[in-house]
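Here is a short report on how one protein chain packs. Keep the structure in view as you read.

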Amino acid sequence: MLIEAIRLTLFPVMLAFAAFSDLFTMTIANRVSLILAGGFVILAVLTGMGAHDMLSHAGAAAAVLVVAFACFTQGWIGGGDAKLAAATVLWLGLGHLADYLIYASLLGGALTIALIQYRAMPMPQLLMGREWAERLHRQDTGIPYGIALAVAALVVYPQTEWMTALGV
């Protein structure tokens, strides 16, 4: 019962939290990535995942963290995005890495285009006075890419061994 609860809730809830946090504050707290990493370890141990598979997941996450950190040093993505991507890949594993990166790229591109269009038009009256909406409207603000990362992960997650083991 505990294993099923972790599989069904921890990953999706933390990703939804990260996406909303990024939208409203342009930050993803370190605790989100730490909870995801810890949750993976707990779930891997509880389900009896073999050491080889755990190392494969960890290796994929480490590779993503290195590349994402390089992107962060260039100012292309935020630090929270880099850590979220790595923690997400820890759950998805090497077998789902390509799908995740493709979805994240496509969704990130669509999000970027939508924000460019939003910023090109006058601020909608309905959103005036809402700090998060005004921040997103400014030209000097980045893209809350955590939204694309989270949605991409939630698209891929049902195909992972975590969910297929449940017959979902």
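Start with the residue classes: Ala, Val, Leu, Ile, Met, Phe, Trp, Tyr, Cys and Pro count as nonpolar, Asp, Glu, Lys and Arg as charged, and the others, Gly among them, as polar. By these classes, the lining of the second largest pocket has 6 nonpolar, 6 polar and 2 charged residues. Bear in mind that this is a predicted model.

| Pocket | Volume | Lining residues | Nearest the centre | Top contributor |
|---|---|---|---|---|
| Largest | about 300 Å³ | 18 residues | Ala68, Ile77, Ala85, Leu101 and Leu149 | α3, 6 residues |

The largest pocket is lined by 18 residues. Elements that give two or more residues to this lining are α3, α4 (79-92) and α5 (97-120). What is the make-up of the lining of the largest pocket by class? It has 16 nonpolar, 1 polar and 1 charged residues. Ile77 is listed among the residues nearest the centre of the largest pocket.

**The cores**

Now to the packed interior. In soluble globular proteins, nonpolar side chains tend to be buried together. The largest nonpolar core here holds 35 residues. Which of its members touch the most others? They are Phe11, Leu36, Leu84, Trp91, Tyr100 and Trp162. At least two residues of this core come from each of α1 (2-25), α2 (30-47), α3, α4, α5, α7 (146-156) and α8 (161-164). Helix α4 gives the most, with 8 residues. There is also a second, separate core of 8 residues, including Leu23, Leu115, Leu127 and Leu136.

Setting aside neighbours within four places in sequence, Trp91 is in contact with Ile6, Leu10, Phe11, Leu36, Gly39, Phe40, Leu43, His57, Tyr157 and Trp162.

**His57**

His57 sits in helix α3 (residues 51-73). Is His57 buried or exposed? The cut-off for buried is under 20% relative accessible area. His57 has 6% relative accessibility, so it counts as buried. Beyond its neighbours within four places in sequence, His57 is in contact with Phe40, Met49, Val89, Leu90, Trp91, Leu92, Gly93 and Glu161.

**Helix α5**

Next, a check on helix length. Helix α5 has 24 residues, and at 1.5 Å a residue it should span 34 Å. The C-alpha atoms at its ends are 34 Å apart, which agrees.

Which residues of α5 are buried? They are Leu97, Tyr100, Ala104, Gly108, Leu111, Leu115, Tyr118 and Arg119. An α-helix has 3.6 residues a turn, so residues three or four places apart point the same way. Look for that spacing in the list. The buried residues of α5 pack against α3, α4, α6 (131-137) and α7.

**Pro12**

Last, a residue in helix α1: Pro12. Its relative accessible area is 24%, so Pro12 is partly exposed. Not counting residues up to four places away in sequence, Pro12 touches Arg7, Leu154 and Tyr157. Met1 is 11 residues from Pro12 along the chain, and their C-alpha atoms are separated by 17 Å.

Methods. Residues numbered from 1 in each chain as written. Predicted model: local features only at pLDDT ≥ 70, side-chain atom pairs only at ≥ 80, totals over all residues. Heavy atoms only, no water. Helix = DSSP H or I, 4+ residues; strand = E, 2+ residues; numbered from the N terminus. Buried < 20%, exposed > 50% of the residue type's maximum accessible area, 1.4 Å probe, protein only. Contact = heavy atoms within 4.5 Å. 1 Å grid on protein atoms, 1.4 Å probe; cavity = no way out; pocket = protein on both sides within 12 Å on 5 of 7 lines; lining within 4 Å. Points joined across faces, edges and corners; volume = space filled by probe spheres on them. Core = buried A, V, L, I, M, F, W, Y, C linked by side-chain atoms within 4.5 Å. Expected span 1.5 Å × (residues − 1).
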